[in-house]
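The tour below goes from one selection to the next.

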Amino acid sequence: MRTPRLTLALAAVGISALALTGCTTGADTGDAAAPTGNPVPGGTLTYASGDAEPTCLDPHVGGNYPQALVATQYLESLVSLDGTGAPIPWLATSWTEADDSLSWQFTLRDDVVFSDGTPFNAAAVKANIEHVQDPATASSTGYLAVGKVTSVEEISDTVVQLNLSSPDSALLESLTQPWVAIQSPTALARTSDENCESPVGTGPFVVSAWDRQNSITLTRNEHYNSPPADAEGDGPYLDEIVWRFVPDAATRYAALASGEVDIIDNAQPDAIVAAESNDAINELEAPRPGASNRIELNSGKAPFDDERVREAFIRSAGVDDGITSLFFGTAERSYSALSSREATAVSDPDLFTFDPEEANTLLDAAGWTTRDADGYRTKDGERLTLEFPVSTNQSVPAEQSLFEQIQATTKEVGFDVVLEPLDLSSWYTVLGANEYNLVSAPYTKVGPDVLRILYDSAGLVPAPSGYFANHSQVSIPELDELLTRASEITDTAERTQLYADAQKIILDGYYILPLFDQQNHYLYSSEVEGMRAMPTVSTPTFAEAWLDR
Amino acid sequence: MTLVAVQRSPARRGGSAARWLLARLAGLVGVLWAAATVTFIAVRLIPGDPAEAILGGPGSQASDEALAAAREQYGLDQPIVVQYFAQLARYAMLDFGQSYSLKDSVAAVIGEQLGGTLLLAVLSLALAGLLALGVAVFSTRSGRVAAAVGSGLEVVAVALPHFWLATSLVLLFSTTLGWFPPISTRGPEGLVLPVLTLAIPLAGFLGQVMRESLLDALSSPFVLSARLRGETASGVIWRHALRHAALPAIGLSGWAFGTLVSGAVVVETVFARPGLGRTLLSAVQLRDVPLVTGIVLVVALAYSVLTTATDVFDRIADPRLRQAAIA
């Protein structure tokens, strides 16, 4: 097939572009936009996305990051977060948890209308949750987010009650996500194909055209009146956003540098460094919430069922130098299971110090005492081989190079890491078949409840497709207990402590090798003012953006 | 394209031409059948569940019921042999089915994307032909150094991978000089870099072929007789030798079209240009079986038609072939 060759080709393009632009460095670091002067209404902003073009613009369907990026411009949620991660009003003005924690009531704004004229009310919220939960919608991310909701009751036109199967301390965080954003019930009643083509929300922009494989056109919502509580300004100011798909990173940066587009996402380290010396380009760094980017060690089978072998791998992996040289200082090393965006994240650098000597001692103790002709350790005639399937869709070229460095440094102590670049479908299939020892799988979710998805033994039960989220195959009753309790307790201090205890078990058991936050860098023209990243899933919003040209 | 001259049989000339064409048409159907079959098998051999592709792509956590419903709706619960023949039967009736990922008819998707890729391919072929012609004429006319430079250029051009050339052109003409946009939209200036990317390696190949046959022609007796009649050096090339030398290059244009379509996968991705190549790439990644098969069939059809057309053209242009039948 042609795919692997092209993927390799594109990776090589990234590297050649890196080599060509890597020599330009500068000191001018762009900050997030701080509005200067008065907003000027009008104009068209062009956005170039490196993510795959969604196959459906309704983020209830499926539910991935490319959908969240564009849906942030036309859909809104019941709740948002402030900079500290605390819930703030959006389409809901207030909320209360019942004493038994088995239901929540949300009071809704009474003056909001969807862009198709349908009023926003309790019935609309009910229709949306039911749409997400309907198997015919085929929602995966949103479906998980409202997994504990058993029914939705309209208490009045402006009060809606969510009934739960068990207490859910993550409910508010889950509801901030675009994958459960609120859409017009009138629009949802159309066929799935129609709603995928032109979903209708209350957001600052409206989907007005979708020219597949080319662009999505978003036009200003003239009746917009429902910004989240932390919004500043009186937008939307832009007439129009043209949302383009430009898969190649070098082309994307070239288009920004030549002024053909105003903002690019998925900016790669070479482009970020090049932009630092360019006054006309600013950077916005917005790490994604949820899990950090980490290598998960499959403890469900040999050789990583032995904790000593896991620790030996982690001690022998030289990560720091690789990150510095391959990411040109644009990514900061993480020592946590969670994103630095999460207030509850626990970090423990001491567990991850580079110590090949200790690694050798551990491997000797674990019985991997002999070496074969190639220098790899063996035990009972079997080589210490680690299968590492790499998703070329999710791991950028710099990250893939980092894996090669880890391969080289762990070889010193006798590990044979076999890197296998795969496209997304093949990668999921290999994981589902348990044919891996190492894997790097990003996971975005608002709040520390992501730990329950990734490390609770329930995450070992595969979905019908074979997919399971607990790639480290951690199965510890005590950890399950902590994560369940944490997911039910809304008291902040108690919840934080429970998550700290849970993270300690995960880190101390050497189940993961944290690398860095999920990188999410935007580069934009200095003519763009008032843009910011949502404190929820770090997608950029142009609700208050304007063009100074 | 293997043509073998056999003994001439003037009396049966008309019948043999008809039979030749019939054989070519049968071959065309055979090629399409083979393409459909190989694609059918290949897409099922690579890992990934088509039912998942229908329900939002890889990694989706679709429920059992949803997967079962999707399998039933698209006939994926049938035995593989039944699926294969059902698919062939639909293709025979020109029904290419629904794309899993785009939820649109495959014919409509291809119809929408075909134009952009064809334009790219035709312009690239034309430019490649012109470049090849220029280099061939220059290097045969201007002495040994020019010949060495010409053939050197051709070898380098042939060896350039599309993705490298594309990125280099972006860095040179967009980032550094700012002459052409790096993103190729439907405007004419956006076509320059993609066409150059596809045309340069192809021009290297065609140039090699043209120069060889030009040199052959220049040493033929008919050129000598033209010179003896007092024809000038350029007259010899343009009026006599070139016509002769162009034949193999024209014959290769069917093949060239095939390489252009595979090059379009890279070029359309790098220059963010809508088209069949980019659609094919995402269809393969999403395991969108009907769309992959549909595009492969269209490309196979275009390739076969072009090859047949160039053969017909060859027979018209070259009287020697008119008396020949295919082996």
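What percentage of the residues of chain B count as buried? Of its 327 residues, 42% do. The coordinates come from a predicted model.

Select chain B and colour by secondary structure. Read along the sequence, the pattern is α-α-α-α-α-α-α-α-α-α-α-α-α-α. Among contacts in chain B with a separation of 6 or more, 72% join residues 24 or more positions apart.

Next, select A:L523, B:A132 and B:I295. These residues touch the most other members of the largest nonpolar core, which holds 170 residues. Now select residues 192-218 of chain B: this is helix 8, which gives the most to this core, with 14 residues.

Go back to B:I295 and show what surrounds it. Leaving out residues up to four places away in sequence, B:I295 touches B:I110, B:L276, B:T279, B:L280 and B:A283. Another core lies apart from the largest one and has 61 residues.

Finally, colour chain A by pLDDT. The average for chain A is 90, and 93% of the residues score at least 70. Then select residues 1-35 of chain A, where the pLDDT is below 50. In the model this stretch has 70 contacts beyond near neighbours in sequence.

How values were computed
Residues are numbered from 1 along each chain as its sequence is written. Chains are lettered from A and ligands numbered from 1 in the order in which they are written. This is a predicted model: local features need pLDDT of at least 70, side-chain atom pairs count only at pLDDT 80 or more; totals for chains, interfaces and linings use all residues. A nonpolar core is a set of buried Ala, Val, Leu, Ile, Met, Phe, Trp, Tyr and Cys residues joined through C-beta atoms within 7 Å. A residue is buried if 20 or more other C-beta atoms lie within 10 Å of its own, exposed if 12 or fewer, and partly exposed in between; C-beta atoms are placed from the backbone. Helices (H or I, at least four residues) and strands (E, at least two) are DSSP runs, numbered from the N terminus. Two residues are in contact if their C-beta atoms, placed from the backbone, lie within 7 Å. pLDDT is the predictor's confidence in each residue, from 0 to 100.
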